[in-house]
Amino acid sequence: MRTLTRPALRSFVIHAVLFLVLGIWMVPQVYMISVGLRTPAQAFDPQLFTWPVTFQNFATVIRDNPLGGIFLNSLIVTVATVAIVVAVASLFAFACAILKLKGTMFLYATLLTTLMVPLASLVLPLAILLKNFGWVNTYIGLILPYSALGVPFGMVILKAFMEDAPKELFEAARVDGCNAWQTYWHVALPLVRPALVFVTIWQFIVTWNEFFLALIVLTKSEMKTLTIVPMQYSGLYMANPGALFAVLTIIAIPLILLYVLVQRAFARGLLAGAVKG
Amino acid sequence: MHVDTLHAGRPAAIALRRSRAFNPTLYAFALPATLLFVVFIAYPIVWVAGQSVYTKSNAAEAIFAGLGNYRSVLTDPTFWIVVRNMALWGVITIPVQMLVGGLLAYFIERHTNALRGFFRTMFFLPVVTSVSVVSLVWVQIYAPYYGIAQEYLKHVGIVMTNSAIGDPKTAIYALIVVNIWQWTGFSMLMYIAGIANLPSEVLDAARIDGARGWRLAVHVIVPMLAPATKSLLLLGVIGTLQTFPIVHLMTGGGPNRASEVFGTFIFKQSFVLGDTGSGAALSVIVLVVALVLSLVQIALLGARLSPAAKGRAS
Amino acid sequence: MNKKQLLAVSAITIALSSGSAWAQEKEVTVWSWFVQSTMQKSIAAFEKTHPDIKVNYTYYNYSPEYVTALKAAAASGSLPDVIGLQPGSLTQQYRDNLEPVNERAAKEWGADWAEKVFPVNRKQMLMGNPAGDENYYIVPQESQVLCIWYNRKLFDELKIAVPKTYEELKAASKALTDAGHIPMFQGAADGWQNENVFLMLANQFSPGIVDKAQAGETPWTAPELVSAMKAWKGLFDDGVFQQGALGAHAYPTGAQLFAQGKVGMMALGSWWMQESKFPPPLSEFVQSMDGFDFFYMPPVKEGNKASPPVGGIDIGYGLTKNGGKNDAAWTFLAELTNGVGLQEALNDLNDLPAFAGHQPKGDITEHVKQLSARFMEDLPKAENQRFASPAVAEALDNALAGVAAGSLEAEAALATVQTATEKALAAK
């Protein structure tokens, strides 16, 4: 006897609704990939799918640019930045939320102002600063400013999650005689693992896609990151939308792959963060 | 007890929390962040503030203008259009993104299984999509006559007579829709992290108490997602004030300033008109507004303890 | 080794090392928004004739990338040797960082070199200079003439003749719309195309009036300009521009659709011809510019004549203070604007030359030759299209958008431009 049980029906309906929402949500994405596969003749045709499909745009983009070296530049800058941001932000969040050091609340609010200054205004003084340090066209000239810009975001998230963590664990650690560092490393960090994952993914995406500062700091073509590549395909008179969309798709792929890999960690967090008696 | 804490090697030379009456070495935790800030953010902010009190004509000397730049900015009608736009932007995008993101996170996390990773990824895709693509595609979607929406709406007999971003009355709303489309995945991810963090025994306890489905969601899960919500609110307000590329690429702030936001206004003042003084003054104003709003939020929301932390000493 | 030999070796070594430093490759850095592939050809041609100089070109999109990068580099004192410039506001913004080129140009091309530059270009080179400053900071490379391109194959197919009156223009637009094409594609979300069309209209009512208005000699609310503004609105209301134009961009969408034959007319300029030199695949219309021809805006009111040609400098280059210390930089600049570098750009039909006495060479069809010739005939008589003050240009952009959207009346819109002009002139 096969009756459709209530939970099964509910699950079916929920999935159906999700797919429906997804379908509409994905229209721009589908269009983006589709245009990347089109000939210039059909580039701006309003249909979502056109025929024939051509890979010429991807070939052009790959041929025109030394993508391997550029990819490496992006990777170095991004990985370094993510590492620094996660480390520095979690240390600060720990000091603020758990150690509750005097003055850290004030520092927290001050550091928050980082996020509030429009980037367009920061660009000029940063350019001057980096020139004075001699860090133009270097990796570190991007990594450090990126880290400075990314830490406040991480600190907001991690502080919120750390504050929300059950305090008994920290008490227990103190009773056990842990010093601050050990508490940080062995208690605080595992407790907020989902948040750490989140900050990692987010900082990776932000840094990978960052454009303005990379434009100013990296003026030599050997140093360029991936985000500069699309610019040549969206120029004022010489526009090749197919190639533009193709290269932007290529740039997005590593991010998506990373995200797919990393988002599984959220599930594991469910088990790791639990407090057992 | 956690095994590793039991076996904490060296005896603690530093006790936690009780003796925070000055243990300066603990400040080492806060040092790297502060250092980065001072060098790369504080200096530029001071530089910008300094610039804001000078006017620079095309000649090289800067004339001290005191608060002149601020006065001219605040009396510029465009400024108030921008304030209106930013208020609309914040008031609409933040709650909508939270609601939709939260709903998506809830249903995906708790009601899907095999497809969970798939849904998590797909709804997050717009977030990683480059703004150049987003702007081009959405301009195409909004275009009447040869646009994507028109192409499919014509099957139901709707004929668009204008582009939503070409009409001063609707431009900002059209941009808000694009923003919501792109960033809801971020709220969703935040809530996914929050849900992943929920201690399962609290949920089990509540379920045993009889709370199910809807009641469980509203009375137990939502309050426990408070840290995620607080962060989203804070970041949302700040992010709203920072909006730039999507507006610049899609409407340039037009038509006739109708969709101008702080980012585009500052860009035009500083980079197009070459008036760095008033661009800097605007930046300082944005900074102050953001700071005030954030402090208000921290003061109001920070005081509220989330239920999960009920048992702890302050 | 004896002392003499040692001395000889030392002398030779010193001579060699200083000589080798001397014969070392000189480098010139250039930033611009000029299309990369053509610029590379110019650079290659230059490096062939100057093997000891290496040119390093960085391409930027104009807005926001180029203006941002330029400003950041200027603020930190790290501008490259040569920068791409537009006459008027961009040049003025960076005037303090640029070397006046008068002397070098005279040495390079003779004392009367400025006479070889077309009059409208010469005027634009000085636009915005403070009173009494006769220095040239920008060396023009290319000129442009604004016009209305039309797809002659579509016109033939739909039996439309080149419009000679406004009524004919409206009829042509209707015929195109009814056939499912876009009549005249206007990217009204971009300020520049709106300005261009307005200039065409204004100069029709009174040639040179926009120049007088921006110099403060005529108010912007003069009747001719009001008529031009009303005619501007008419282009939207009468179905000449496509619906939703205010939300559209000329590049890349408009240009793509135009090149692919979905659009009847588009207000562009002589630079459109470069599309025929792009890498394949090219549409049947763009191939050798076979499907395209141009006309000037027909009279929009009884008693007017067709719009005169409007144009001026398309792009020029400036020598920065950094570049002033680098001899090779001027050499490159000179060749780029008036030598082998320019020739490559002309061969790619990028645009018209700014100096007289050049023409495109290479694989050019008769049709393109004729188009070029027409432009070159009109260039000497062209009216000025540029604005000295960015604030005035921006006020005009806003005014045009406001009128087109129906939120501003013509007189009120022009009054705002008048205010901006007065403010700009007072600040000088």
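This is a predicted model: local features need pLDDT of at least 70, side-chain atom pairs count only at pLDDT 80 or more; totals for chains, interfaces and linings use all residues.
Local features need pLDDT of at least 70 and side-chain atom pairs count only at pLDDT 80 or more, while totals for chains, interfaces and linings use all residues. Residues are numbered from 1 along each chain as its sequence is written, and chains are lettered from A in the order in which they are written.

Student: Which element gives the most to the side of chain C that touches chain A?
Tutor: Contact means C-beta atoms, placed from the backbone, within 7 Å. In these terms 29 residues of chain C are in contact with 24 residues of chain A. Strand S2 (53-59), helix H3 (62-75) and helix H12 (250-259) of chain C each give two or more residues; helices (H or I, at least four residues) and strands (E, at least two) are DSSP runs, numbered from the N terminus. The top contributor, with eight residues, is H3(C).

Student: How are H8(A) and H9(A) oriented to each other?
Tutor: Helix H8 (residues 167-176) and helix H9 (residues 180-191) of chain A pack with their axes 11 Å apart, at about 165 degrees. Axes are lines fitted to C-alpha atoms over the stretch in contact, and angles run from 0 to 180 degrees between N-to-C directions. Angles over 145 degrees count as roughly antiparallel. H8(A) and H9(A) are therefore roughly antiparallel.

Student: Which residues of H9(A) meet H8(A)?
Tutor: H8(A) brings A:Leu169, A:Phe170 and A:Ala173 to the contact. From H9(A) come A:Thr183, A:Val187 and A:Leu191.

Student: Within what arc do the buried residues of H2(A) fall?
Tutor: Buried means 20 or more other C-beta atoms within 10 Å of the residue's own, exposed 12 or fewer, and partly exposed in between, with C-beta atoms placed from the backbone. In helix H2 (residues 27-36) of chain A, the buried residues are A:Pro28, A:Tyr31, A:Met32, A:Val35 and A:Gly36. They line one face of the helix, because the arc, taken from the directions from the helix axis to the C-beta atoms, is 135 degrees.

Student: Is C:Met289 buried or exposed?
Tutor: C:Met289 sits in the loop between strand S6 (263-269) and strand S7 (292-295) of chain C. Its phi is positive, near 55 degrees. With 25 C-beta neighbours inside 10 Å, C:Met289 counts as buried.

Conventions
Two residues are in contact if their C-beta atoms, placed from the backbone, lie within 7 Å. Angles under 35 degrees count as roughly parallel, over 145 as roughly antiparallel, 65 to 115 as roughly perpendicular and the rest as oblique.
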